[in-house]
Amino acid sequence: MRLPESNAQSSKRDPRSEERISCLTLVIMPELPEVETVARGLDENVAGDVIESVWLGSKPEPLKSSAAEIASVLEHSRIVRVRRVGKHIVFDLEKGARGEWVVHLGMTGQLLIASPSLETAKHTHAILKLASGRELRFVDPRRFGRLAVVRLESGDGAGFAAPGNEPLEAKIDQFIGLFHHRKTPIKSALLNQKLLSGVGNIYADEALFRAKVRPRRRASSLTRGELQKLHTGLLAVLREAIKAGGSSINDYVDAEGQAGFFQLKHRVYGREGKPCFVCKTPIKRVIIAGRSSHYCPHCQK
DNA sequence: ACTATGTCCTGCGAGC
DNA sequence: TGCTCGCAGGACATAG
């Protein structure tokens, strides 16, 4: 994971600079903690602002709603709040009727707050002009990201919902109930967004390391105790990552500092061949469900 | 009802 | 030095 070169130029000395958020979004793989951090940062910076106009890229856009639908919901709406739902960023909107703008960052998606004078980056798919004079831009080179809108007709519309359970809120019995009968590898089950929404490849590996469970194990083979440790490990690693990201929002100084998520050392992810921090055994990498999976063959059973 | 696999997309880096 | 090729991965489609 390297810093894209654009990171250097978007980093400014002033920690209050609106460029802060772009710095953050450039260096991360958006799983739950990263999306949470981006959503919080956006909430702090654009809540209360009004979307004056919307430009959507003309190429095959990464849109789930039609361009016209997105523009009609977004334009002249006030951003009430920005929050995370699973791996999605949800903008609560108000324009007489309520609505929601739902953004999924995919792998490489970024939501940047920029001044109109800032050069438009390659792969910019959407630009929202805000009443404050700033722009909110959606940039996504790999186009795995998605944009959609939800109209909420009356006051009590359901709104956007994640397909599965919120990992940070799932109680232990609920957690065990999700996994204990499944024959698929526990790693695959953790990545299944219909079970838990928000866990991605990195934190799945890290949680399994903390639980001392190998990723290839059938979910149904895990004992109650192992599932409890997995639940604990997952909560711990997600909370630590959110804390690390959150601190970078407050303490971010410049790109050299590489605060935030760089404070959180992965114990197995991306460490193939390197010694386990616990027992020094080289970390192994295998492919499960098409995804690279990292584990310690000694610590994890 | 589950589970497994292929596909999308671009930038980057390893290897020749 | 310059090129090719494989890899990265979330969500969805499709097949089993």
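In this predicted model, a polar side-chain atom of Gln-193 lies 3.4 Å from a phosphate oxygen of DNA strand C, a polar contact being a pair of N or O atoms within 3.5 Å.

Sugar and phosphate make up 52% of the atoms of DNA strand C that come within 4 Å of the protein. The residues of this surface comprise three nonpolar, five polar and five charged ones, with Asp, Glu, Lys and Arg counted as charged, Ala, Val, Leu, Ile, Met, Phe, Trp, Tyr, Cys and Pro as nonpolar, and the others, Gly among them, as polar.

Turning to the protein fold, four strands form an open antiparallel sheet in the order S2-S3-S4-S8, strands being DSSP runs (E, at least two residues) and helices likewise (H or I, at least four), numbered from the N terminus; two strands pair if DSSP finds at least two bridges between them. Strand S2 (78-85) and strand S8 (146-152) are the edge strands, each pairing on one side only.

Residues are numbered from 1 along each chain as its sequence is written, and chains are lettered from A and ligands numbered from 1 in the order in which they are written. Local features need pLDDT of at least 70 and side-chain atom pairs count only at pLDDT 80 or more, whereas totals for chains, interfaces and linings use all residues, and side-chain values use heavy atoms, with hydrogens and water left out.

Note on methods. Near = heavy atom within 4 Å. Polar contact = N/O pair within 3.5 Å; in protein donor to acceptor, adjacent residues only side chain to side chain.
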